[in-house]
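Hi,

Here is the structure I promised to pass on. Have a look at it first, and then read my notes below.

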Amino acid sequence: MQKTWKKLTSQTEFYVFLIIIGLSLAIQMRSGLFFTNNNLVDLLRSMIVPSIYAICALLAFVSTGPDVSFPLIAALSSYLAIILTNKMGLQQAPWILTFLIGIAFGCVMGALNGFIIVKYKFPSLIVTLGTSSIFSGILLGAFEAERMDLPENLAAFGKMSLLTVKNAKSGLGSTLPVTFLIMIALYIFAYLLLNKTLVGRGVYAVGGDEISAERAGFQVNAIRFGIFVINGGIAAIAGLCYAVMSMRYLPTEYAGGEMIVIAAIILGGTRMTGGIGTLKGCLLGTLLLTMVSNSLILLGISVYWQKVFIGAIIIVGTAVSAVRSHSSNRIKTKVKKEAA
């Protein structure tokens, strides 16, 4: 029992969970509205797209380094998927076909990131900053993308819901879209990839120590390239989910979400130095920042203070990650010296 408790308290996710419990109780005591059915459904709905983005951020951080291009991959791939669906007369086709078109474009864009990073050994942050600008320029400059309605198949998909609730006291209603199941499916896919396959072990090994991973027989370049291709496909799914939930395509509303997502996964225990990070940490970190974004107003705090809270969380989360990484390196160095 003591061993289990010690292991539990050594995990960052445990403390994030405690913060979530404390914050939710504080909001409930202050407003009495946090645990209402419509607020909980709204919270789950707001988590869908950031949680999918968080998978992209986790895979990149664990294997290589920061990826800040996924929102623009989402924007451009979903735009191309919608345009092709309309031009090819596929408005009546199953919605999954439009998603597959978007995924194909997303994988190509992710492959561009992976190729540059692997071929020229450039830092992933610099590469993805550059490709973000390229994708943004293509979307808003070359294609002159504007707000537009969705094709019929996506519009019909957007109207489907898993759950509809109504608060009897306030009269407010909320719906949980089917895209929530897509998010769950992607987390199952990522869990199986990272925890049940040799590739998953390679992802953590490459991020932890590239040289050791190569000596162990892992194909470092292939793993890194493959991760960015997968990230592109996942980002495309997130982009189409956002469009479906908004019931229209909004090209200018994709950029800017990457920093909050990165903050969420770092807060959830992902190391900036690579090799360490969990999916449950992703979900908990995303839940906490979603609560901060959505529920501060229930505490009577102005929405303008949200950025202050989120900025503070980024600093604290980064500091904790850096301290833990430094401590881990010191322990490793000490062990090596003693062994020598």
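**What I found**

Glu 210 counts as partly exposed, because its relative accessibility is 31% (buried means under 20% relative accessible area, exposed over 50%, partly exposed in between, with a 1.4 Å probe and protein chains only). Before going on, please note that this is a predicted model, in which local features need pLDDT of at least 70 and side-chain atom pairs count only at pLDDT 80 or more, while totals for chains, interfaces and linings use all residues. Residues are numbered from 1 along each chain as its sequence is written, and side-chain values use heavy atoms, with hydrogens and water left out.

Which residue does Glu 210 meet in a salt bridge? The partner is Arg 224, at 3.0 Å from N to O (a salt bridge is a side-chain nitrogen of Lys or Arg within 4 Å of a carboxyl oxygen of Asp or Glu). The pair links distant parts of the chain, 14 residues apart: Glu 210 is in helix H10 (residues 210–215) and Arg 224 in helix H11 (residues 220–246). Helices here are DSSP runs of H or I, at least four residues, numbered from the N terminus. Arg 224 is buried, with a relative accessible area of 14%. By this rule, the count of salt bridges comes to one.

Now to the inside. The largest nonpolar core has 71 residues, and Ile 52, Tyr 53, Phe 99 and Tyr 249 have the most contacts inside it (such a core is a set of buried Ala, Val, Leu, Ile, Met, Phe, Trp, Tyr and Cys residues joined through side-chain atoms within 4.5 Å). Helix H3 (residues 37–63) supplies the largest share of this core, 13 residues. Another core, of 20 residues, lies apart from it; Ala 263, Leu 287, Leu 296 and Ile 313 are among its members. Leaving aside neighbours within four places in sequence, Tyr 249 has contacts (heavy atoms within 4.5 Å) that include Ala 75, Tyr 79, Leu 139 and Met 148.

And the cysteines? A search of the whole structure finds zero disulfides (a disulfide is a pair of cysteine sulfur atoms within 2.5 Å). The sulfur of Cys 56 is too far for a bond, because the closest cysteine sulfur, in Cys 282, is 10 Å away. Cys 56 counts as buried, at 0% relative accessibility, and Cys 282 also counts as buried, at 0%.

Happy reading!

Key
Helix = DSSP H or I, 4+ residues; strand = E, 2+ residues; numbered from the N terminus.
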